[in-house]
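Q: I am new to this structure. Please show me how to read its features one at a time.

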Amino acid sequence: MDFLLEPNVAYLILVAGVMLGFMAIVSPGTGLFEVGAFFCLLLAGYTVYNLSFNWWALVLLILSLVPFVYAIQKPKRELFLALSIVLLTVGSVFLFPPTAGIMAVNPVLAITASLLMAIFLWVAVRKSMEAATIRPSHDLDTLVGKVGEARTKVFEDGSVQVGGELWSARSETSIPSGSSIRVVRRDGFVVVVEPINTKL
């Protein structure tokens, strides 16, 4: 376990744990992100406990959660996501104090890992947020108000063509086959329709 006490290794484990933790918040329920974040942060906690660290950097790491959680609650909050990434980057790079005036974490490693982490979080989190706000393409509520055609007689049951697809339907009045109809509501996977009076 001595290799875990090397600042560069500890830094990479910490970065991986935080990234997995953030992805677990954005995409809960997968199990993989949660388990990966748990083990990485457990190892990172071991190294932080056994190595000296900057309290202010640890505070920045914890504070990075606040704008992150706020950013993922609603779309168009990219500024707070960017702030969270900045706090996370600065906190993780300077978590371990320098020795003999030299950064504990290799500067090249820190810059490379920080850039990759920032790009990954920016792209992955924004895409996850966009996907969460997209309305399902087969949302039956979008059928309400649409006009179609009765393919069979519709009353207690029947079929209608709406939006280029065939749907099970029922109506409060008898509708002959071939009549124009309008969807007024849905009842599970059945659309409730009414006839459209085409007579002038």
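**Reading the model**

A: The axes of H3 and H4 come within 5 Å and cross at roughly 10°. Axes are lines fitted to C-alpha atoms, for helices over the stretch in contact, and angles run from 0 to 180 degrees between N-to-C directions. This is a predicted model: local features need pLDDT of at least 70, side-chain atom pairs count only at pLDDT 80 or more, and totals for chains, interfaces and linings use all residues. Residues are numbered from 1 along each chain as its sequence is written, and side-chain values use heavy atoms, with hydrogens and water left out.

Q: How are H3 and H4 oriented to each other, roughly parallel or roughly antiparallel?
A: Angles under 35 degrees count as roughly parallel, over 145 as roughly antiparallel, 65 to 115 as roughly perpendicular and the rest as oblique. H3 and H4 are therefore roughly parallel to each other.

Q: Which residues in H3 and H4 meet?
A: Contact means heavy atoms within 4.5 Å. Leu61, Ile62 and Leu63 in H3 meet Leu65, Val66 and Pro67 in H4. The residues of this contact divide into 6 nonpolar, no polar and no charged. Here Ala, Val, Leu, Ile, Met, Phe, Trp, Tyr, Cys and Pro count as nonpolar, Asp, Glu, Lys and Arg as charged, and the others, Gly among them, as polar.

Q: How many helices and strands are in the chain?
A: Helices (H or I, at least four residues) and strands (E, at least two) are DSSP runs, numbered from the N terminus. The chain has 6 helices and 5 strands, in the order α-α-α-α-α-α-β-β-β-β-β from the N terminus on.

Q: Is Ser84 buried or exposed, and what does Ser84 touch?
A: Buried means under 20% relative accessible area, exposed over 50%, partly exposed in between (1.4 Å probe, protein chains only). Ser84, found in helix H5, is buried, with a relative accessible area of 0%. Not counting residues up to four places away in sequence, Ser84 touches Phe22, Ser64, Pro67 and Phe68.

Q: Which residues have the most contacts inside the largest nonpolar core?
A: A nonpolar core is a set of buried Ala, Val, Leu, Ile, Met, Phe, Trp, Tyr and Cys residues joined through side-chain atoms within 4.5 Å. The largest has 31 residues, and Tyr11, Leu88, Leu95, Phe96, Leu121 and Val125 have the most contacts inside it. Its largest share, 10 residues, comes from H1. A second, separate core of 12 residues includes Leu143 and Val191.
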